[in-house]
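Here is a short tour of one protein model, for anyone who likes to look at packing. Open the structure and follow along.

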Amino acid sequence: MREILRALVQSLQAGREAIVCQVVETRGSTPQKAGAMMIVDPEGGQVGTLGGGCVENEVKQKAIRHIGTPGAAIQSFVLDHDYAWADGLICGGKMVALVECVRGDAALAYFRAEMGLLERGEGFTEAIVVEPDRAGIPAMGRRFLITPEGEIAGSWPDGPTPDGLKSRAASLADRPRPEVRGGVAWIPSLPRVRLVIVGAGHVGQAVAELAAKADFDVWVVDDRAQFANAERFPAAQRILVGPIEDVLRNLEVTPQTYCLIVTRGHGHDQEALHHLAPTPAPYVGLIGSRRKIRLIFESLVESGISRDVLDRVAAPVGLEIGSQTVSEIAVSIVAELIARRNLGRKGQSPSSRPLGPA
């Protein structure tokens, strides 16, 4: 989404017009979900996708014909046998897209504000009017950006904010899904999760690559510059090289930070867990055998770390898929990270349960 908004902002900054095509509602099985966006230029080029196939092509062709037409338009598609005949797209669901030609400084200010919120990663909700009569807002396609604190960070086209709109946005802490309610499409952009990987070995490298593709902000910690570097971790946002104890002691850990410990030795694992287990991180995972983990836990308890703190640790880490190779281990770990992000503690593998006394 960041790349799509960046392309839109660049187009508007250059004084060009662009057609915004955005999925605002889905039902059943569809190739893309609400929030998916495609930007089409007057020459037919595009950035982003609505899922490909006939639906995307039809939206694109109608979007091009929409150039110069004021206001937004709704397009609805039932993905039935008609689409299956053409390209196999028999999802069986319904997809509703909003199409609008945008231009000018007001649109630029709005989408620049949206891009800024997305870059900050703290989350926000976009409210888009899709049924003006039900919404009580007489403008199809009017957009609002609502921060987690319930403030309006931007609206377009300009106009007064309807009473009660801010309070109707669902709390991002509940990780809501997109929905249409009261004539408004509510599209949440959930807070981004930072993944701190302690250990720059083969497993850490493989996890970093997959996690970045799964939209985690990856940080890497290790005391070896020959392992923790941009060449081995090109997708990492930050690489912190130094004694592990010193780095973790000064590391800011927030409720949106996940921590994964995959160092090269028991001592470093224990050191890392000593610093990370008591933090606000909702996920701290430790790789290793159950015997190794039990020994580390017992040693930490003796050093003063409470069992309640250690009970929050996911260990052994990863979903049970019979992993054997480094790549398979990385898949199992990232799958658990995604499940935890999307499902909370329900996404924890049965094998990653607190270990009782030896």
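## Helix 6 against helix 11

The axes of helix 6 and helix 11 (residues 326–343) come within 9 Å and cross at roughly 50°. That makes helix 6 oblique to helix 11, where oblique is what remains once angles under 35 degrees (roughly parallel), over 145 (roughly antiparallel) and 65 to 115 (roughly perpendicular) are taken out. On the helix 6 side the contact uses His-202, Val-203, Ala-206, Val-207, Leu-210 and Ala-211, and on the helix 11 side Val-326, Ile-329, Ala-330, Val-331, Ile-333 and Val-334. Contact means heavy atoms within 4.5 Å. Axes are lines fitted to C-alpha atoms, for helices over the stretch in contact, with angles from 0 to 180 degrees between N-to-C directions.

Ala-206 is worth a click: its place is in helix 6 (residues 202–213). Not counting residues up to four places away in sequence, Ala-206 touches Val-326 and Ala-330. At 16% relative accessibility Ala-206 counts as buried (under 20% relative accessible area; exposed is over 50%, partly exposed in between, with a 1.4 Å probe and protein chains only).

## What you're looking at

This is a predicted model, so local features need pLDDT of at least 70 and side-chain atom pairs count only at pLDDT 80 or more, while totals for chains, interfaces and linings use all residues. Residues are numbered from 1 along each chain as its sequence is written, and side-chain values use heavy atoms, with hydrogens and water left out.

The protein has 11 helices and 15 strands; these are DSSP runs numbered from the N terminus, H or I of at least four residues for helices and E of at least two for strands. Its C-alpha trace spans about 70 × 45 × 35 Å along the principal axes. Of the 358 residues, 49% count as buried.

## Helix 1 against helix 4

Helix 1 (residues 2–13) and helix 4 (residues 104–120) have axes that come within 9 Å and cross at roughly 155°. The two are therefore roughly antiparallel to each other, and the crossing is left-handed.

## Rings and charges

A search of the whole structure finds four aromatic pairs (rings of Phe, Tyr and Trp, the last by its six-membered ring, with centres within 6.5 Å; planes under 30 degrees apart are stacked, over 60 edge-to-face, the rest tilted). One of them is Tyr-110 with Phe-111, edge-to-face at 5.1 Å centre to centre and 90° between the planes. Tyr-110 is buried at 2% relative accessibility, and Phe-111 is buried at 0%. Together with Trp-156 they form one aromatic cluster.

The charged end of Arg-224 sits over the ring of Phe-227, 4.1 Å from its centre (CZ of Arg or NZ of Lys within 6 Å of the ring centre and within 35 degrees of the ring normal). Arg-238 lies over the face of Trp-219, at 4.6 Å from the ring centre.

Pro-157 lies in the loop between strand 8 (152–156) and strand 9 (179–181). Arg-175 is found in the loop between strand 8 and strand 9 too, with a positive phi of about 50° although it is not a glycine. Arg-175 counts as partly exposed at 26%.

Technical notes: A crossing is left-handed if the near helix is turned anticlockwise from the far one by less than a right angle, and right-handed if clockwise.
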